[in-house]
Amino acid sequence: MLVDTHCHLAAEAFAADRPDVLRRAREAGVQRVVVVGESPAAAEAAFRLAEADPMVSVATGTHPHDASEWDADRARWLRSALGHPAAVALGEIGLDYHYDHSPRDVQRRAFEAQLALALELGFPAVIHAREADADVLAVLRGMPGARVILHSYSSGAGLLEGALALGALASFSGMVTFKNWSGDDLIRMVPLDRLLVETDAPYLAPVPHRGKRNEPAFVRQVAERVAQVRGMPAAELIAATGANAARVFGFSSPLA
């Protein structure tokens, strides 16, 4: 099955036409969509979407941009939110040293605490890494039992190699279709049984939609490009990544 393993469908960018966005995803063959709730408000909106549409599942956590908001109350909220039947992952969490919206030591504490919670509760953790490869890998190595997904991967080969050695999965987004993309070797590095595809919508729309709002239907272009890089039929790539998503997120079967 074709799965968009990471999108922000609860974002304001979709306020006017979410039902149409999901309809277009179905028409494009998308079976499942994992919506990220990177704050309590976004998570509550994502859970409402999931309650209304069985193709929607939810990942929730505190984004590194908002790490300064991580405290005991947020930790209690997150533990409770992960009890929702639609919750399939904790994230996105990690480190972002490009924007530094939260101090780096605060980011790391929030990352470590949430990764520990994912490990305790048995959820996969969706990892955001930007200009912080060494520190992200250090945190992952400190919790080798955690199941992690490197989302919209575009960092260096060192982080990818180190995370794969720990059993991580890696997901690629519309960036793989951009003219300035130079990471085909990264795509080939990931074992087929640990590869995922995503949109990160409304961001990073793939070619030929570059410059427009991204949406889950466009994950097909991502899958086709990844298949091309790996030298395999798109249908086989979609089947493999769909099976991987079903395994890591606990999807029982494709929707009818």
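The following questions and answers concern a predicted model.

Me: Is serine 57 buried or exposed?
Reply: Serine 57 is placed in strand S3, which spans residues 56-60. Leaving aside residues up to four places away in sequence, serine 57 touches Val33, Val34, Val35, Ala86, Val88 and Phe251. Its relative accessibility is 6%, and the cut-off for a buried residue is under 20%. Serine 57 therefore counts as buried.

Me: Which residue of S4 is the bridge partner of valine 58?
Reply: S3 and S4 run parallel and are joined by three bridges. In S4, valine 58 has as its bridge partner alanine 87.

Me: Which strands stand at the edges of the open sheet of eight strands?
Reply: The strand order is S1-S2-S3-S4-S5-S6-S7-S8, with parallel pairing. An edge strand here has a single partner, so one of its sides is left without a neighbour in the sheet. The strands in this position are S1 (2-7) and S8 (195-197).

Me: At about what angle does helix H9 run to S8?
Reply: Helix H9 comprises residues 234-249. This helix lies across S1, S2, S4, S6, S7 and S8. Relative to S8, helix H9 runs at about 100 degrees.

Me: Which strand gives the most residues to the lining of the largest pocket?
Reply: The largest pocket holds about 520 Å³ of space. Its lining has 22 residues, of which His63, Glu92, His128, His151 and Asp200 are the closest to the centre. Strands S4 (87-96) and S5 (125-130) each supply at least two lining residues. The most, four residues, come from S5.

Conventions
Residues numbered from 1 in each chain as written. Predicted model: local features only at pLDDT ≥ 70, side-chain atom pairs only at ≥ 80, totals over all residues. Heavy atoms only, no water. Buried < 20%, exposed > 50% of the residue type's maximum accessible area, 1.4 Å probe, protein only. Contact = heavy atoms within 4.5 Å. 1 Å grid on protein atoms, 1.4 Å probe; cavity = no way out; pocket = protein on both sides within 12 Å on 5 of 7 lines; lining within 4 Å. Points joined across faces, edges and corners; volume = space filled by probe spheres on them. Pairing = 2+ DSSP bridges. Axes fitted to C-alpha atoms, helices over the stretch in contact; angles between N-to-C directions.
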